[in-house]
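Subject: Structure for you to look at

Hello,

Here is the structure I promised to pass on. Please open it and keep it beside you while you read my notes.

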Amino acid sequence: MTAGQHSSTKATSRGASAIRRVGLFAGWGRYPILVAKTLRQQGCEVYCLGVLNHADAQLAEICSDFRWLGLARFGSACRYMKRHGVEYATMAGKVFKHLLFQPFFILRQMPDLKTSRKFVHHFFTRRKDCQDDTLLAAAVEIFESEGIHLRPATDFAPELLVKEGLLTRRAPTPAQQRDIQFGWRVAKEIGRWDIGQSVAVKTQTVLAVEAVEGTDRCITRAGELCRSGGFTIIKVAKPQQDMRFDVPTIGVQTLEVMVAAGAQVLAVEAGRTIILDEQEVVAYANRHRLSVLAVGGGGAASARPES
């Protein structure tokens with residue numbers, strides 16, 4: 001059973017609102033902070049493990065308890081959650097996957113016994129692949145075996161999922177709308193192969209495709225290849241997206257990278273993309289005359305003209 005197919009009977013038998021004690025595995029970015037704040041506002045106790053060299057130390061001020069933890073310490077993570085009586089946990093924030101390919105990365109992480117046993121065929125014998133879905137499914141199996149059920153962070157903070165429509169004053173031109181529809185098909189296909197979530201397009205030509213480097217560096221590379229600028233970024237969920245992990249996320253930093261690279265349009269998937277600090281994102285986009293919109297199936301969207 002893959003992570004995308006997995007469904008916990010215990011987890012679905014209780015709504016997110018009924019859970020009063022939640023574990024949080026926090027990666028990089030503001031997303032874990034917003035999730036933690038939302039959980040506290042809902043009256044939950046939040047027990048947080050921050051990924052070393054990724055998570056924001058501010059989480060220690062928000063959560064009921066906070067500890068740093070290395071990426072390869074799944075046994076320690078399980079013991080921490082069980083010690084605090086946590087049955088339901090969630091993951092939020094980015095983990096930089098390119099670190100996995102640095103020399104001796106896994107050995108430097110000093111993996112514990114549980115991690116070594118579970119991932120030996122991924123990182124040492126190479127009998128199993130290291131695709132995102134594969135690794136996350138293995139992580140789920142570790143936690144489930146210890147009675148810790150992972151829930152999507154958006155179950156606790158659904159307001160972070162962007163709604164369909166044009167977010168900015170500036171709408172895409174007809175040519176840019178065609179680029180969105182073209183890029184949508186490409187992005188969905190690379191997602192199907194678990195390659196990445198984003199593509200950069202101009203005049204229905206693919207400039208750059210996101211892989212292990214992440215969206216920001218994909219945008220930067222597109223700008224280096226398209227000095228005239230004016231290109232479009234399309235960011236979507238994978239067709240097999242498990243909403244517990246690696247949900248497409250944008251924030252002001254995404255737009256800052258776009259402006260520096262010369263991109264003009266950002267199209268994301270409505271209902272399956274997290275937007276951080278939406279008011280700030282919209283204000284920044286309007287100041288820089290960017291077009292930001294959330295589109296439905298197929299990448300088609302009706303956009304009102306600029307006011």
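First, the ground rules. This is a predicted model, where local features need pLDDT of at least 70 and side-chain atom pairs count only at pLDDT 80 or more, while totals for chains, interfaces and linings use all residues. Residues are numbered from 1 along each chain as its sequence is written, and side-chain values use heavy atoms, with hydrogens and water left out.

**The chain**

The chain has 12 helices and 13 strands. Both are DSSP runs numbered from the N terminus: helices are H or I with at least four residues, strands are E with at least two. Of its 307 residues, 52% count as buried. Buried means under 20% relative accessible area, exposed over 50%, and partly exposed in between, using a 1.4 Å probe and protein chains only.

**The open sheet**

Look for 5 strands in the order β3-β2-β1-β4-β5, paired in parallel. The edges are β3 (65-69) and β5 (149-151), and each pairs on one side only. Two strands pair if DSSP finds at least two bridges between them. Strand β4 (residues 88-92) and β5 share 3 bridges.

Helices lie against this sheet. Helix α7 (residues 132-145) touches β1, β4 and β5, and makes about 130° with the direction of β5. Helix α4 (residues 74-83) lies across β1 (21-26), β2 (45-51) and β3, at about 165° to β2. Axes are lines fitted to C-alpha atoms, for helices over the stretch in contact; angles run from 0 to 180 degrees between N-to-C directions. Contact means heavy atoms within 4.5 Å.

**Ile33**

Find Ile33 in helix α2 (residues 31-41). Ile33 is buried, with a relative accessible area of 1%. Beyond its neighbours within four places in sequence, Ile33 contacts Asp56, Gln58, Leu59 and Ile62. Leu59 is 26 residues away along the chain, yet the two C-alpha atoms are separated by 6.2 Å.

**Helix α9**

Helix α9 (residues 174-192) has 19 residues. After α9 comes Asp194, with a positive phi near 60°.

Best wishes

Terms used: The expected span of a helix is 1.5 Å times one less than its number of residues.
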